[in-house]
Amino acid sequence: METMLSNTSQVDLDNIDVKEFPRTEDLEFMDNILEEGDLLYIPPKWWHYVRSLSTSFSVSFWWRTSIVPS
C-alpha cells in the first residue's frame, strides 16, 4: 500500500546520522532564507528540505492526475 508520504526521506537533516547514512557526509547543498512574499520554485524531482523559521505554510503539487493532456 502506498502511503501519502512515500516520497519522504529517511534522513533527519537537522541531525544527520553519518554512520547510518554515510553518503550524506559529502553532500553539497544550498542554504537560503526566504523573506515575506518570496517564492521558491523547486523543479520536479529535485530533492529538497524545507524548515520554517516562523509560522508559515507551503503548497506542494506532487500528486499524479489521471487526465492525459491533449
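**Reading exposure, contacts and charge pairs**

Analyst: Phenylalanine 21 is partly exposed, its relative accessible area being 23%. Please keep in mind that this model is predicted.

User: Why is phenylalanine 21 called partly exposed?

Analyst: The class follows from the relative accessible area: under 20% is buried and over 50% is exposed, with partly exposed in between. Phenylalanine 21 has 23%, so the residue is partly exposed.

User: Which residues does phenylalanine 21 touch, not counting those up to four places away in sequence?

Analyst: Phenylalanine 21 touches Gln10 and Val11. Glutamine 10 lies 11 residues from phenylalanine 21 in sequence, and their C-alpha atoms are 9.2 Å apart.

User: How many helices and strands does the protein chain have, and what share of its residues is buried?

Analyst: There are 0 helices and 0 strands in the protein chain. Of its 70 residues, 3% are buried. The chain exposes about 8100 Å², with carbon and sulfur atoms supplying 55% of that area.

User: How many salt bridges are there?

Analyst: Side chains of opposite charge can pair when their charged atoms come close. Here the count is 1 salt bridge. Aspartate 14 pairs with arginine 51, and the closest N and O atoms are 3.4 Å apart.

User: Is arginine 51 buried or exposed?

Analyst: Arginine 51 has a relative accessible area of 53%, so this residue is exposed.

Definitions and conventions. Residues are numbered from 1 along each chain as its sequence is written. This is a predicted model: local features need pLDDT of at least 70, side-chain atom pairs count only at pLDDT 80 or more; totals for chains, interfaces and linings use all residues. Side-chain values use heavy atoms; hydrogens and water are left out. A salt bridge is a side-chain nitrogen of Lys or Arg within 4 Å of a carboxyl oxygen of Asp or Glu. Buried means under 20% relative accessible area, exposed over 50%, partly exposed in between (1.4 Å probe, protein chains only). Helices (H or I, at least four residues) and strands (E, at least two) are DSSP runs, numbered from the N terminus. Accessible areas come from the Shrake-Rupley method with a 1.4 Å probe; for residues, only the protein chains shown count as cover. Contact means heavy atoms within 4.5 Å.
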